[in-house]
Amino acid sequence: MNRSAMLWSGRALTSLFALFMLLASISPKLLGLPVAEETMAQLGWPAGYSYLIGLIELGCLVLYLLPRTSVLGAILMMGLLGGAMATQIRAESPLLSHVFFSLYLGLFMWGGLWLRDARLRAVFPFRPATHVAQDAGPAALEATA
């Protein structure tokens, strides 16, 4: 994939992630919608925490969207998503649809950042197994056969 395609794919994934977070998670909490308080109560959270969690989510999202702080924002957002996963585990929610949903969001978020940030790709390069074996020399090719 060429750099331009990677950049635009990364921007598309980032935009979808940001829109989902804004519309499905942050807005209901900040607007005080009953669905946010009801969901938090079902998960065992005391009343009144949804607004604060919405502010934290918004802060992490803003940091993620700014190029200079995108990695920091992604790390902080993963901490938040990890807490959401722990809450779902404690509430004994279904594994694939609820508990792992934070993992799916995190992969989507990091995928978008990886595609749009060459520095991150340099730290975490993706190389198919055949390239790794070729780079290592003939001994590695024999070991993989």
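Reader: How are α3 and α4 oriented to each other: roughly parallel, roughly perpendicular, oblique or roughly antiparallel?

Author: This is a predicted model. Helix α3 covers residues 49-65 and helix α4 covers residues 70-90; they pack with their axes 6 Å apart, at an angle of about 150 degrees. Angles over 145 degrees count as roughly antiparallel. The orientation of α3 and α4 is therefore roughly antiparallel.

Reader: In which hand does α3 pass α4, and which residues of α4 make the contact?

Author: The crossing of α3 over α4 is left-handed. On the side of α3, the contact is made by I56, E57, C60, L61, L63 and Y64. The residues of α4 that take part are S70, L72, G73, A74, L76, M77 and L80.

Reader: How many residues of each class does the contact of α3 with α4 have?

Author: Tyr and Cys count as nonpolar, and Gly counts as polar. Sorted by class, the contact of α3 with α4 has ten nonpolar, two polar and one charged residues.

Reader: Which residue meets E57 in a salt bridge, and at what distance?

Author: A search of the whole structure finds two salt bridges. One of them links distant parts of the chain, since E57 lies in helix α3 and its partner in helix α1 (residues 3-30), 28 residues apart. Both E57 and K29 are buried. The partner of E57 is K29, with N to O at 3.2 Å.

Reader: In the salt bridge of R119 with D117, which residue counts as exposed?

Author: The closest N and O atoms of R119 and D117 are 3.1 Å apart. Buried means under 20% relative accessible area, and exposed means over 50%. D117 has 7% relative accessibility and so counts as buried. At 57%, the residue that counts as exposed is R119.

Reader: Is T14 buried or exposed?

Author: T14 is placed in helix α1. Leaving out residues up to four places away in sequence, T14 touches Y64, L65, G112, L113 and R116. Its relative accessibility is 5%, and the limit for a buried residue is under 20%. T14 therefore counts as buried.

Reader: How far apart in space are R11 and R116, C-alpha to C-alpha?

Author: R11 is also found in helix α1, and R11 is partly exposed, with a relative accessible area of 37%. In sequence, R11 and R116 are 105 residues apart. In space, C-alpha to C-alpha, the distance between R11 and R116 is 6.4 Å.

Notes
Residues numbered from 1 in each chain as written. Predicted model: local features only at pLDDT ≥ 70, side-chain atom pairs only at ≥ 80, totals over all residues. Heavy atoms only, no water. Axes fitted to C-alpha atoms, helices over the stretch in contact; angles between N-to-C directions. Helix = DSSP H or I, 4+ residues; strand = E, 2+ residues; numbered from the N terminus. Parallel < 35°, antiparallel > 145°, perpendicular 65-115°, else oblique. Left-handed = near helix turned anticlockwise from the far one by under 90°. Contact = heavy atoms within 4.5 Å. Salt bridge = Lys/Arg side-chain N within 4 Å of Asp/Glu carboxyl O. Buried < 20%, exposed > 50% of the residue type's maximum accessible area, 1.4 Å probe, protein only.
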